[in-house]
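Please keep the sequence and the structure in view while reading.

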Amino acid sequence: MSDPEATDDLSMTEARIRRQLKRILDFSGLEASDRRREMLIFIVEEALAGRASGLKASTIAMAVFDRGSDFDQQTDPVVRLEARKLRRDLDNYYANAGRDDPVLISIPKGRYIPRFSALNAAKLVDVPARASGSPGFNGGPDGAETVSSLPPDKSAGHRNLHLALLAATIFFCTTLVLLWFGKSNDPAASGSQMPADGARVLVMRFEAHDTDELSPLLAAGLSQEIAAALLNFPDLRVHLGSGPGTVDAGLSDMARLRAATEFVVTGNVLRENDDILVRAKLLRSEDSQVLWSERYSIGTEAQGMSKVQDDISAQIATVVGQRYGIAMNDVRKTLLSDDESSSLTDYACIARAQIYRRTIRQEEYQEARDCLETAVRRDPEYARAWAMLAYLRMDAARFSYDETLPEDAKYAPARKAAIRALTLNSNDIDALKALSHIEQYKGNFEQAIEYARQAVEVNPNDPDALANLGNRLGIRNRLSEAVPLLKRAIERSVSPVPFYYHMIALDHMMKGEWDDMLLAANHAVADGSSVSYALVAIAHGALGNSHAARENLDKMAERWPLLAEDPRAAFELHKLHPVIIDQIVAGLDRAGQAQLE
């Protein structure tokens with residue numbers, strides 16, 4: 001029976017899908033662990049059997065990962081994490097060895113149901129059908145071949161990690177020069193991607209300084225994990241180098257690639273007694289200046305090496321890729337320093353909008369908005385421009401920058417831009433985050449939180465996505481869930497965005513922790529926003545600092561008069577939970593009384 005959740009392509013017979021599955025599994029350079037291979041086999045077989053709707057985390061956990069019926073995906077994220085790695089494994093396969101294959105097997109983000117579609121229709125060839133107990137996708141008998149490798153012994157998933165790392169090393173040897181990891185390789189995405197002005201990062205293979213078994217394998221695996229994690233940052237183009245540390249003189253293609261990229265990530269791995277030391281660096285290609293360097297020390301007995309590799313690569317990718325980190329700040333500074341060049345470059349509009357979004361200063365709004373509107377008119381297929389435009393159109397509605405918008409439809413232009421971005425690239429995290437804001441302001445709070453969660457699923461290493469989810473939760477007074485996310489976003493940020501501290505300050509306010517509230521609010525006030533000044537004023541008022549309370553109330557009123565005149569109405573506009581609003585109003589009253597004493 002045809003399963004519409006798995007495919008709507010009538011050319012997809014079970015025989016073709018099974019041949020493609022076997023082709024993937026037989027590829028010696030496939031990096032998937034035994035358990036991820038087993039997971040791929042399981043979800044494909046379930047879909048072919050017409051049971052795609054039953055592919056949930058719990059069923060996969062029990063069938064593949066030996067979990068019991070009491071499996072809880074909230075406390076045990078094994079399926080979610082392994083699915084993310086399996087998507088990466090498939091992306092890497094189709095970007096290289098499988099780029100000319102006839103059938104694409106993919107796993108859409110946020111779900112576990114595989115999708116089957118024609119990748120190269122000219123290579124679709126049927127084999128004679130034979131009778132089977134289950135109908136094929138064309139409604140006829142199954143013409144499937146027997147895949148001899150199905151299923152592998154489950155105990156293989158528990159083998160030593162060294163075998164998985166060895167597979168990564170073999171993969172590097174077979175792909176001598178580089179892998180192109182650009183977003184254009186994602187068959188799910190369509191439309192124009194970031195122009196050449198974006199940040200291009202070359203990740204060189206880490207160098208092992210020891211000849212023991214573990215160090216070279218960890219070094220080889222780290223570079224690929226970093227490149228894979230960087231792929232999820234939408235403003236990067238990522239290349240993976242073949243050699244350790246520096247480019248071999250004979251690799252002219254690699255030398256040209258390094259010359260064409262703005263940044264290079266290098267590193268090394270070595271043993272020191274019972275510890276493994278990893279050193280990572282971010283260099284500017286133009287002058288080889290070291291922009292960032294960090295050393296990580298891991299006890300070999302403390303945790304599994306797979307977790308070590310994942311944790312370190314995630315930390316490095318977060319530093320390198322984050323929106324307000326070293327690399328992106330350097331790109332924006334260079335890009336916007338040349339007025340003539342910036343006016344002609346669509347990506348400059350993205351950069352300008354990102355600068356505005358950091359502090360949401362009204363004086364920076366119109367220029368960024370006009371630039372983006374021009375960019376999408378010039379290139380209607382530019383997903384990144386549509387995503388950022390959704391944010392700015394939303395600000396026009398929530399801050400009443402455009403008073404011509406009717407109240408019942410004022411968020412429609414913003415939603416239209418966000419949906420357009422997701423149509424072009426279903427994984428654009430800015431579009432997802434913009435939708436989370438839009439739904440919040442429309443009063444659809446659970447939907448707002450769900451969009452925010454999807455953005456984190458796409459890139460769990462993005463501090464801004466973590467902070468966005470934290471804020472959506474905090475606004476609904478779910479502060480116990482919000483604060484850990486915001487603290488994690490701050491810890492992972494090279495330069496934390498001031499509004500990341502708003503909910504943390506409010507949490508301290510709700511608990512009457514005034515010194516801690518003042519500390520958090522003082523971090524937030526760097527953006528010069530009315531809300532930040534209000535939080536500082538509340539903390540000073542509670543601590544009896546009347547002069548400081550008065551100063552910050554005046555700054556608050558100057559930035560947003562409504563907040564001084566009717567704070568309840570002001571915060572109701574932003575859909576803050578009534579319980580929190582009550583405490584804010586009481587705190588501002590207390591600060592006002594303090595200034596009269």
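## An enclosed helix

In this predicted model, 13 of the 13 residues of α15 are buried, so this helix is largely enclosed by the rest of the structure; buried means under 20% relative accessible area, exposed means over 50%, and partly exposed lies in between, all with a 1.4 Å probe and protein chains only. Helices (H or I, at least four residues) and strands (E, at least two) are DSSP runs numbered from the N terminus. The model is predicted, and local features therefore need pLDDT of at least 70, side-chain atom pairs count only at pLDDT 80 or more, and totals for chains, interfaces and linings use all residues. Residues are numbered from 1 along each chain as its sequence is written, and side-chain values use heavy atoms, with hydrogens and water left out.

Helix α15 covers residues 429–441, and because 13 residues at 1.5 Å a residue should span 18 Å, the 19 Å between its end C-alpha atoms agrees with expectation; the expected span is 1.5 Å times one less than the number of residues. At the start of α15, a side-chain oxygen of D428 comes to within 3.0 Å of the backbone nitrogen of D430. Just after the helix, G443 has a positive phi of about 90°.

How many cavities of 30 Å³ or more does a search of the whole structure find? There are five of them. On a 1 Å grid over the protein atoms alone, a cavity is a set of points where a 1.4 Å probe fits but cannot get out, whereas a pocket is an open set with protein on both sides within 12 Å along at least five of seven lines, and lining residues have an atom within 4 Å of a point. Grid points are joined across faces, edges and corners, and a volume is the space filled by probe spheres set on the points.

The largest cavity has a volume of about 80 Å³, and its lining includes F233, R323, I429, K433 and D464. That lining divides into four nonpolar, two polar and five charged residues, where Ala, Val, Leu, Ile, Met, Phe, Trp, Tyr, Cys and Pro count as nonpolar, Asp, Glu, Lys and Arg as charged, and the others, Gly among them, as polar.

The second largest pocket has a volume of about 1,000 Å³. Of the 37 residues that line this pocket, I360, R398, F399, V531 and H574 are the closest to its centre. Elements that give two or more residues to the lining include α11, α13 and α15, and α17 gives the most, with six residues. The lining of this pocket comprises 17 nonpolar, 11 polar and nine charged residues.

D395 lies in helix α13 (residues 383–398) and, at 0% relative accessibility, counts as buried. Its side chain makes a polar contact of 2.5 Å with the side chain of Y356, a polar contact being a pair of N or O atoms within 3.5 Å; within protein, one must be able to donate a hydrogen and the other to accept it, and residues adjacent in sequence count only if both atoms are side-chain atoms. A further polar contact, of 2.7 Å, joins the side chains of D395 and R398.

Most residues other than glycine have a negative phi. D66, in the loop between α3 (57–64) and α4 (78–95), has a positive phi near 60° and is partly exposed at 44% relative accessibility. I360, in the loop between α11 (346–359) and α12 (365–378), has a positive phi near 55° and is partly exposed, with a relative accessible area of 23%.

Strand β7 (residues 263–272) is mostly covered, with seven of its 10 residues buried. The table lists its pairings; two strands pair if DSSP finds at least two bridges between them.

| Partner of β7 | Sense | Bridges |
|---|---|---|
| β4 (residues 199–205) | parallel | three bridges |
| β5 (residues 207–208) | parallel | two bridges |
| β8 (residues 275–284) | antiparallel | 10 bridges |

Within β7, V264 is the bridge partner of L202 and V269 is that of A208, while L270 has L277 of β8 as its bridge partner. The hairpin of β7 and β8 has two residues between the strands, and N273 there takes a positive phi near 60°.
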